[in-house]
Amino acid sequence: MSNLTGSRQPRPPYGTGPPSRAAVPTRRAPYGRPPVPVGAASRHTQVSRYRRRRLQWLVPWMFVAPALILFLYFKILPLAQGVQMSFYDVRPYLGDRYVGGGNYVEATTQPLFTQAIWQTIILAVGTTAGSILLGFLLAILVEGQARHLWLVRTAAFLPVVTTMAVVAEVWQVMYYPDRSGALNTLLGWIGVGPEPFLQSPHQALASVVAVGIWRGAPYDMMIFLAGLATVDRNLYESAAVDGASRWSRFLHVTLPSLRPVITILFLLAALRGLRSFTEVFLLTNGGPGQSTQVIMVLIYKLGLEQGKLGVAAAGSMILFVATAAVTLAVHVWRRRAVVR
Amino acid sequence: MRRAQNESLHTVLGLQARNGPLALILKTLLYGGIILVFAGPLLALLAGAFSKVPDPTKFSLWPHDFTLGNFEVAAHRGVYRYLFNSFVVVGFGLLLQMVVSVFASYALARKKFRGAAIVMLLVLATMMLPEEVVAIPLSVVLSDLPLLHVNLIGTYLGMILPLGAWGFSIIVMTEFMREVPLSLEEAARIDGAGELRVFWSVVLPVCRPALGVIGVFGFTMIWDQYLLPLIVAHEPSQFTLPIALRTLRTDDQVGIGVLLAAALLALLPSVIAFLLFQRQFTRGLSVEAVGR
Amino acid sequence: MVIQRVAALASAALLGAVLTGCSSTSMLNVPQDDHAELQIWIREPPGSNQAAVADKLVKAFVRKTGYRARSVALYEDFETKMQQQAAYRQLPDVVINDTAQLGTMQSQGWVRQIDRSSFPGGADLSDRAWHAAQADDGNYYAVPFSAHTFALFVRADWRARLGLPPPKTWADVQNMAIAFATRDPDGDGRKDTYGMVIPGSTKRGYMAWYYSNLLLDSGGDFLAEIHPGQWVPAINDDKAIAAATWLKNLFCQYHVVDPNAVQDDTPLAHTTFEKGIGGIYLTGPYMLPRFVKSMGSARLEVFPLPAAPGAAGPSALGEGENVYLTMGSPNRAGQLAFAEFATSVAGQTIAMDGDGGGLIVRLPVNTKVDLGAIHHDPRWSVFQQVYNTAKYTPQVPNWAPFRQLAADTLNAVMADCGSDLKGSLDKLANQFTDELKRQNVYGG
């Protein structure tokens, strides 16, 4: 599969299916016995087949059952419980009090709610756009088959598999605001800084975005590489025959072929960005001031630090509905785009 | 034949085709820079973990005053116990997740049945549900499973079972299974193979690459878990490594070297998993890129 | 088609709501069992010396009384775990936690009321400490366990090298900070030192916590109680503004605060002080053993925070830990017995850990305990002296939101030198008013 990332073979143009699927038909081996003629079936097997058919409807459910049970218990039930909590002043030891939409009002009138929404959007868009741009740049720089490129790609991909808890520790140290900090030392060489990074309300959000890009760009890079592998090399060739420059080849062949990939990447990342929690929670916990406060962290603080479980549940539901709405809208939009 | 000669046509930039001394230097600088930016901080983590009292403010790629002392202190703080917990959770959690997903995907991809759409919708809907949102309600459910009335708080089972419900794996697996040619299955059925047999020896073997994909992605997901183990753990001895990291950071009595040592232990398994299963990772990403 | 699916989903959700059932408080009337093991939680890092001392205390209790008990140390995410265990009514039987948590825990109905007059040995516990176990309704909801307050740790060697006087006024403190930042107190020829070390992050409200010492020392407070149980904000009055301005000048005008301050929690601040990055650190007596061990006794001195200009006398933030006995325990007799043991001379002595580094009682609440006999370091007495004029945080039903709001505001003011201090505090006062109204204790 390494030819996915560094293509030497021309690939079928995008649209005939992903390479992973193309690999399937070649693995026919496991079942090779010749088919038995239908007419040769005995009476006995006909009966059992009849019985089997009657229970046939059960079969798929048997296969789905484990998943259904787990989803019901650990996703749907908690969600239902969350919905219920969002209408109550939750006091497990005193008895819950029904408050109607009160929690929703309190959640949305939080002095920081609007600010948190904006910052969530900035964080989501910044990280997404940055990752895609940098990821794309990286992808076209490290595209190819050579062994050293494999090394570069592997090294660059490490941040993606690094646990967020570790990423946070590493970057806390990288961003140390004093002149002796790692990044500030680098900046010092070019005569800038020292910068406060996470310490400054003006730089903290950008610093969190930068960490997001550091972790997101290699991911996008890999996806672009996979996408680039599907670009029809014959098109390059004919472009070369036509005497097109590298730049116009890039503009007129590569980019259009990648457009679907870019769209998907953008949507996925944007949705992920809406609910970003761990990176902010571990890096700045919303501060300094409120400068990196995002929705999920705000909800977490409301619920678990201030003990307003009902209000937090209401905030969560708003976020859930918003995410679902965006996803649904995107889905409809994409389907329409395909039809067109 | 011409293609093979004209390498510049194989990549967008055609960078590899240029091999002059200047180009070589430029390329070395460029690739060195990329490696430094993305792997540098992690290498520095490695260096710090083996350094005696590394300055929290300075980062270096080589350990000064090499020591294993950080790991000894970390051991006293129970880091290996946390690591063990992490392994148990990731091991069984992943197994459960894969088995459950494969079964469900088989039905969703290969069977037409009433309600399939609803099941699919349910799976998709839960994918939009951030786990932080349901953390508290989930802990309530876990403390007293409805109908069964079992308390899973403070048990490995409580950490593992919820991991079985993972939409991403089902979606990926379903996509993949849909592509398995029907002829394979029919041939087996005509041969008299039962449902399980078809599943086990016809469809599953063909899907082995996809198993790799959901395996590695599931691994990273579970290894990254923070909130679920936190709410299920009843006391610190049940924590997993990521939670322990945060506790160590605020522990008065250990230095940053110990923290980095623990962070390194948290980092290594995922890096090793990545290096071992790199192909599956890449394939999974391409499914994401062009699959749906 | 879509509508059908949505309906199906909705009914699944409804089914869920039915299954999970409705909560009732009757579950708190648990059958009693003297042999039920008590879970005792303490907010200390797991594996730390403090955790070990807590374990020693609990084991001594088990030996002495025959009840079964187990200690659990938790630090990060302590509140998260509490809230979550409370959500399904399985709080630990005993919780040793900040006095400031009293309102939060009491207003959520988590803790048992304590009858001070009949509590065994209650008369030996100091009034000031008992006060911190009293909620705004006048009743006691905890037993005091430990008390402490804050004083200035100063680098003695730095002060000696620069020939600075012991701080007697705020101006002295400020001048010392400036000298530490500018006159190379460590003599290494490099400008790598700062005056103040401040844990100024918003986490757990650290910034508000630090500032409250200055605020109380100035004679101000976050809230003013105009009638019993009726509060108004006081965070934007002249005293509060003066205290905040003084602090902001250290950050922004003189640049003498360690650069990581607005992001630091206390563990990081401790390290910063130990490494000699800053020379003045306002913190509690519990740090004394560790600093003595890591920095050397001769390099450390402790001074009371001097009285602020114009204030009647010095003050500082009074804090401590209470023993909270939770509702719904199957072993109420055991809970009380533990509280009694923990506050007895024997229990307090174990928890003070002599000159070891794992003390969980800072200043003893039991007046029969002789501090000097247990801690031989005379610097401890500075704290006991400061404690006599210390003030606790306002006893509103739930202090946590106020502390968080204040920390968020002050952190932003200190982090952004262009910020409008007066305007920010006015805004904070409005937020306080809203929160007071929400808690039904607004007196305006």
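Select chain C of this predicted model and display its contacts: of those between residues at least 6 apart in sequence, 76% join residues at least 24 apart.

Along the principal axes, the C-alpha trace of chain C spans about 70 × 65 × 45 Å. The radius of gyration of chain C is 23 Å, which agrees with the value near 22 Å that a compact globule of 444 residues would have. Colouring by burial then marks 55% of the 444 residues in chain C as buried.

Where they touch, 20 residues of domain 1 of chain C are in contact with 15 residues of domain 2 of chain C. On the domain 1 side, select helix 4 (102-107) and helix 15 (379-387) of chain C, the elements that give two or more residues. Helix 15 of chain C has the largest share, six residues. This side of domain 1 comprises seven nonpolar, seven polar and six charged residues.

The contact draws 26 residues from chain C and 27 residues from chain B. On the chain C side, select helix 1 (2-20), strand 2 (69-74), helix 3 (78-87) and helix 10 (266-274), each of which supplies at least two residues. Helix 1 of chain C provides the largest share, five residues. By residue type, the side of chain C that touches chain B holds twelve nonpolar, nine polar and five charged residues.

Terms used. Residues are numbered from 1 along each chain as its sequence is written. Chains are lettered from A and ligands numbered from 1 in the order in which they are written. This is a predicted model: local features need pLDDT of at least 70, side-chain atom pairs count only at pLDDT 80 or more; totals for chains, interfaces and linings use all residues. Two residues are in contact if their C-beta atoms, placed from the backbone, lie within 7 Å. Helices (H or I, at least four residues) and strands (E, at least two) are DSSP runs, numbered from the N terminus. Ala, Val, Leu, Ile, Met, Phe, Trp, Tyr, Cys and Pro count as nonpolar, Asp, Glu, Lys and Arg as charged, and the others, Gly among them, as polar. The radius of gyration is taken over C-alpha atoms; the globule rule is 2.2 Å times the number of residues to the power 0.38. A residue is buried if 20 or more other C-beta atoms lie within 10 Å of its own, exposed if 12 or fewer, and partly exposed in between; C-beta atoms are placed from the backbone.
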